[in-house]
Amino acid sequence: MSDSIRLDGRVAVVTGAAGVIGAATMRLLAARGARIVAVDRREADLAAATAGLPASAETFAVAADVTDEDQVAAYVRQACNRFGTIDVFFNNAGIEGEIKPITAYPLEAFRRVLDVNVVGVFLGLKHVLPVMLKQNRGSIINTASIAGLIGSPQIAVYSASKHAVIGLTKSASWECTGTNVRVNCICPGLIESRMLSAIIEGRSGAPVPADKVVDRVPARRLGQGAEVAAVVAFLASDDASYVSGAAYTVDGGRTAA
Ligand SMILES: NC(=O)c1ccc[n+]([C@@H]2O[C@H](COP(=O)([O-])OP(=O)(O)OC[C@H]3O[C@@H](n4cnc5c(N)ncnc54)[C@H](O)[C@@H]3O)[C@@H](O)[C@H]2O)c1
């Protein structure tokens, strides 16, 4: 993979850092020279995820729940205290929720998905934007999904939450008018991961053969966390200086049809 997009010295906060996409992105941003603030729920998961980073990487881990405003304010404050600012914010933590049709979906489970995927992204924007607007520089990348672009059976609330992330992204981009702060989102498709397996097995009640899973993906394979990370690194970098308010698909062509 090309190493042309350097992020030397930039401070990058990554939420959901212990997950498949968060960890892959953290690794790539660190390899490109960024200083990393890793945020996830549990300290042990953060320790395991940050252990894989290059020895040269400056890394700081903060355990926080993205649905709790005090904890969000605290990780933003701690990132600024430690590294002086935030240049890149990968607002990525998310859950798939239960895999059930709307008619069987428990209200509490519905609210929990909205809480993590929408309130969590909103709180991240609310507390990171002031830091970036003050320095008149920064790049925010929210994680939506192709489920934010198209409907998806048995994950209606997940799909609704990711549609909301795209709306938050576009609105935040407008609220940065006239500044050097950019806000974009990514829409990953079928990425090889625990979350994808949970959704597929939750729908069918059993593992599904790999060729069946990708039969509507023009690339005819699952994506990798590193391929999502590459798009995040581009959006984080100055190479994306004229990109804001965009929803970038990383889906092997799945939504092109
Ligand atoms: N895996 C896919 O195929 C896929 C496709 C499209 C979009 N996405 C999105 O990408 C993002 C990352 O997904 P992933 O595949 O890496 O999943 P994952 O489950 O491996 O990682 C998600 C991480 O978010 C953390 N998290 C969940 N709730 C949290 C909370 N309240 N506070 C702090 N951290 C919390 C989890 O602990 C976990 O480490 C999610 O937003 C997901 O919806 C994933």
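Two strands pair if DSSP finds at least two bridges between them. Strands (E, at least two residues) and helices (H or I, at least four) are DSSP runs, numbered from the N terminus. This is a predicted model: local features need pLDDT of at least 70, side-chain atom pairs count only at pLDDT 80 or more, and totals for chains, interfaces and linings use all residues. Residues are numbered from 1 along each chain as its sequence is written.

**Sheet**

- Strand S1 (residues 11-15) and strand S4 (residues 88-91) run parallel and are joined by three bridges.
- Val 13 has Phe 89 in S4 as its bridge partner.
- H1 packs on the sheet and touches S1, strand S2 (35-40), S4, strand S5 (138-143) and strand S6 (181-188). Contact here means C-beta atoms, placed from the backbone, within 7 Å.
- The direction of H1 makes about 170 degrees with that of S1. Angles run from 0 to 180 degrees between N-to-C directions, and axes are lines fitted to C-alpha atoms, for helices over the stretch in contact.
- The open sheet has seven strands in the order S3-S2-S1-S4-S5-S6-S7, with parallel pairing.
- Strand S3 (59-63) and strand S7 (247-250) stand at the edges with a single partner strand each, so one side of each lacks a neighbour in the sheet.

**H4 against H5**

- The axes of H4 and helix H5 (residues 156-175) come within 8 Å and cross at roughly 15 degrees.
- H4 is therefore roughly parallel to H5; the cut-off for that term is an angle under 35 degrees.
- The crossing of H4 with H5 is right-handed, that is, the near helix is turned clockwise from the far one by less than a right angle.
- By class, this contact has 14 nonpolar, two polar and one charged residues. Ala, Val, Leu, Ile, Met, Phe, Trp, Tyr, Cys and Pro count as nonpolar, Asp, Glu, Lys and Arg as charged, and the others, Gly among them, as polar.

**H3 against H4**

- Helix H3 (residues 69-83) packs on H4 at about 30 degrees, with the axes 9 Å apart.
- Glu 69, Val 72, Ala 73, Val 76 and Cys 80 of H3 meet Leu 123, Gly 124, His 127, Val 128 and Val 131 of H4.
- Seven nonpolar, two polar and one charged residues make up this contact.

**Ligand shell**

- Gly 16, Gly 19, Gly 94, Ser 145 and Ile 191 come nearest among the 28 residues around the ligand. A residue counts as near if its C-beta atom, placed from the backbone, lies within 6 Å.
- Helix H1 (20-31), helix H4 (107-135) and helix H6 (194-204) each give two or more residues to the shell.
- The shell holds 12 nonpolar, 11 polar and five charged residues.

Notes
Angles under 35 degrees count as roughly parallel, over 145 as roughly antiparallel, 65 to 115 as roughly perpendicular and the rest as oblique. Two residues are in contact if their C-beta atoms, placed from the backbone, lie within 7 Å.
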